Amino acid sequence: MTGVEIVRSMVFFGVNTFIELYWIHHFRSSRGLAGTALACFLVGGVAGTLLGGRIADRTGLVRALQMGTVAMLPALIALRLCPGADLALAAAVASGLAVNIPFSVMIKLGQDYLPSRPGTASGVTLGLGVSVGGLFAPVFGAIGETWGIAAIFTVLCVVPVLALGLGALLPDPVAPAGHSALADDGTASHSSV
């Protein structure tokens, strides 16, 4: 799960760091419109965080994480391939949404994997995963310096494939004995100790 968070964080920091430059250099747009693109990505991220929780409530944590990871691919490809800056704003919102669907889900999933150590689980998910992902921003910067800003977004379209593979390996967390769990029909069922 930490690997999935690192990949998600790489994508988040890559887009967050370079989206304005992408608008300015690739689309030849104004700084104002470039700032709007960043705002669209971040607003999409807020919506994605909320949507991720809703999806997890309905489908389960692992499934929500996998769905968000799958959604990253078309959203990032649309962001990269949009022909104009105005249309690409919608792709920026979609990218922010998709990248953040798994975020809050991973925090809860980590706590479910380590139920006796929720602090450690949160630290690994938020601290380690996010920090390591952020360390890749200079790598993306080097790609941009060598091949141009558009190359960063081309690479960002491929990065989530690694998360797809890692996410497919995640097991559903097992509810500890004595805790209530939701049955398939959504009603509460209680385990006995």
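**Note on a predicted helical model: core, helices and side-chain pairs**

1. Tyr 22, Trp 23, Phe 27 and Phe 153 form one aromatic cluster. The rings of Phe, Tyr and Trp (for Trp, its six-membered ring) are paired when their centres lie within 6.5 Å, and a pair is called stacked if the planes are under 30 degrees apart, edge-to-face if over 60, and tilted otherwise. The structure holds 6 aromatic pairs. One of them joins Tyr 22 to Phe 27 in an edge-to-face arrangement, with 5.3 Å from centre to centre and 75° between the planes. Tyr 22 and Phe 27 are both buried, where buried denotes under 20% relative accessible area, exposed over 50%, and partly exposed the range in between (1.4 Å probe, protein chains only).

2. Some remarks on the basis of the note follow. The model is predicted, and local features need pLDDT of at least 70, side-chain atom pairs count only at pLDDT 80 or more, while totals for chains, interfaces and linings use all residues. Residues are numbered from 1 along each chain as its sequence is written, and side-chain values use heavy atoms, with hydrogens and water left out. Helices are DSSP runs (H or I, at least four residues), as strands are (E, at least two), numbered from the N terminus.

3. The largest nonpolar core has 51 residues. Such a core is a set of buried Ala, Val, Leu, Ile, Met, Phe, Trp, Tyr and Cys residues joined through side-chain atoms within 4.5 Å. Val 11, Val 15, Ile 19, Trp 23, Ile 152 and Phe 153 have the most contacts inside this core. At least two core residues come from each of H1, helix H2 (31–59), helix H3 (61–81), H4, H6 and helix H7 (149–158). In soluble globular proteins, nonpolar side chains tend to be buried together.

4. Two residues illustrate these surroundings. Contact here means heavy atoms within 4.5 Å. Residues up to four places away in sequence being left out, Ile 19 touches Ala 37, Leu 38, Phe 41, Ala 92 and Phe 153. Leu 76 belongs to helix H3 and counts as buried because its relative accessibility is 2%. With neighbours within four places in sequence set aside, Leu 76 is in contact with Val 11, Val 15, Ser 95, Leu 156, Cys 157 and Pro 160. Leu 76 and Val 99 are 23 residues apart along the chain, and their C-alpha atoms are separated by 9.1 Å.

5. Helix H7 is largely enclosed by the rest of the structure, because 7 of its 10 residues are buried. The buried residues in H7 are Ile 149, Ala 150, Ala 151, Ile 152, Phe 153, Leu 156 and Cys 157. They pack against H1, H3, H6 and helix H8 (160–168). In the loop between H6 and H7 lies Gly 148, which is partly exposed at a relative accessible area of 23%. Gly 148 and Leu 73 are 75 residues apart in sequence, and their C-alpha atoms are 21 Å apart in space.

6. Helix H5 (residues 118–134) has 17 residues and should span 24 Å, which agrees with the 23 Å between its end C-alpha atoms. The expected span is 1.5 Å times one less than the number of residues. H5 has a kink of about 30°, centred on Val 124; the bend at a residue is the angle between axes fitted to the seven residues ending there and the seven starting there. Ala 121, Ser 122, Thr 125, Gly 129 and Gly 133 are the buried residues of H5, and they pack against helix H1 (2–26), helix H4 (85–113) and helix H6 (137–147).

7. A salt bridge places a side-chain nitrogen of Lys or Arg within 4 Å of a carboxyl oxygen of Asp or Glu, and by this rule there are 2 salt bridges. Arg 8 and Glu 5 meet in one at 3.2 Å, N to O. Both Arg 8 and Glu 5 are buried, and about one helical turn separates them because they are 3 residues apart in helix H1. Lys 108 and Asp 112 meet in a salt bridge at 2.6 Å, N to O; these two residues lie in helix H4, 4 residues apart, about one turn of the helix. Lys 108 is partly exposed at a relative accessible area of 39%, and Asp 112 is partly exposed at 23% relative accessibility. An α-helix has 3.6 residues a turn, so residues three or four places apart point the same way.

8. Arg 28 is found in the loop between H1 and H2. Its phi is near 55°, a positive value in a residue other than glycine. Arg 28 counts as exposed because its relative accessibility is 67%.
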